[in-house]
Amino acid sequence: MAQIMSNDNEKYIRECYTLARRSVKKGNHPFGALLVHDNKVILTAENTVLTDNDKTRHAETNLVSRANKEIDPKILEKCTLYTSTEPCIMCCGAIYWSGISKVVFGCSAQILDKIAGKTIDIDSKYVFSHTVIPVEIEGHILEAEGKEIHESYWKQ
Ligand SMILES: [Zn+2]
């Protein structure tokens with residue numbers, strides 16, 4: 001498998017930000033996520049909390065639910081999940097149970113919390129440091145752009 005370089009991270013996080021903006025246009029919260037295998041985007045998802053009237057429909061849970069149904073677990077464990085904002089504790093759990101082994105986020109949960117409030121203040125690194133099977137996590141990719149998306153949405 002080709003090694004993921006940092007500019008690939010920027011490319012995929014930029015796509016997550018595009019998904020997050022699209023999610024807003026469809027009447028939902030500004031979050032998007034995608035799944036990369038072997039340097040190809042194989043699934044994308046947006047937040048659908050408002051249109052589905054279901055508060056568990058975060059971009060990551062939407063992505064992981066589909067991934068579990070559509071993608072072979074052997075492939076899934078080699079995928080990287082990219083997400084516009086650091087996953088919440090619910091999504092960390094969903095990602096873990098799906099068998100995905102790597103996560104890259106754009107904007108941190110701390111920044112989201114300062115702007116929108118109401119997050120659960122448990123760091124994703126903390127969650128993933130307590131899993132039996134390790135999940136690698138990195139983030140703060142193009143964070144200023146992610147912050148801007150949240151500011152323009154939540155401060156209306
Ligand atoms: Zn979440």
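Let's start with a word you'll need all the way through: a residue is buried when its relative accessible area is under 20%, exposed when that area is over 50%, and partly exposed in between, using a 1.4 Å probe and protein chains only. With 28% relative accessible area, Trp154 is therefore partly exposed.

Before we go on, remember that this is a predicted model, where local features need pLDDT of at least 70, side-chain atom pairs count only at pLDDT 80 or more, and totals for chains, interfaces and linings use all residues. Residues are numbered from 1 along each chain as its sequence is written, and side-chain values use heavy atoms, leaving out hydrogens and water.

Now find strand β4, residues 102-107. (Helices, H or I with at least four residues, and strands, E with at least two, are DSSP runs numbered from the N terminus.) Six of the six residues in β4 are buried. What sits beside this strand? Strands count as paired if DSSP finds at least two bridges between them. Strand β3 (residues 80-85) runs parallel to β4, joined by five bridges, and Leu81 has Val103 as its bridge partner in β4. To get from β3 to β4, the chain passes through helix α4 (residues 89-98), making a right-handed β-α-β crossover. Right-handed means that, with the strands pointing away from you, the path from the first strand over the helix to the second runs clockwise. Strand β5 (residues 136-138) is also parallel to β4, with three bridges, and here Val103 partners Ile137.

Next, the aromatic rings. Rings of Phe, Tyr and Trp (its six-membered ring) pair if their centres lie within 6.5 Å; planes under 30 degrees apart are stacked, over 60 edge-to-face, and the rest tilted. The structure has three such pairs. In one of them, Tyr12 and Tyr82 have ring centres 4.9 Å apart and planes at 50°, so this pair is tilted. Tyr12 belongs to helix α1 (residues 6-25) and Tyr82 to strand β3, so to speak a link between distant parts of the chain, 70 residues apart. Both tyrosines, Tyr12 and Tyr82, are buried. For Tyr153 and Trp154, the centres are 4.8 Å apart and the planes at 80°, which makes the pair edge-to-face.

Finally, visit Asn62 in helix α2, residues 59-70. Is Asn62 buried or exposed? Its relative accessibility is 14%, so Asn62 counts as buried. Its side chain makes polar contacts (N or O atoms within 3.5 Å, one able to donate a hydrogen and the other to accept it; residues adjacent in sequence count only if both atoms are side-chain atoms) with the side chains of Thr48 at 2.9 Å and Arg57 at 2.8 Å.
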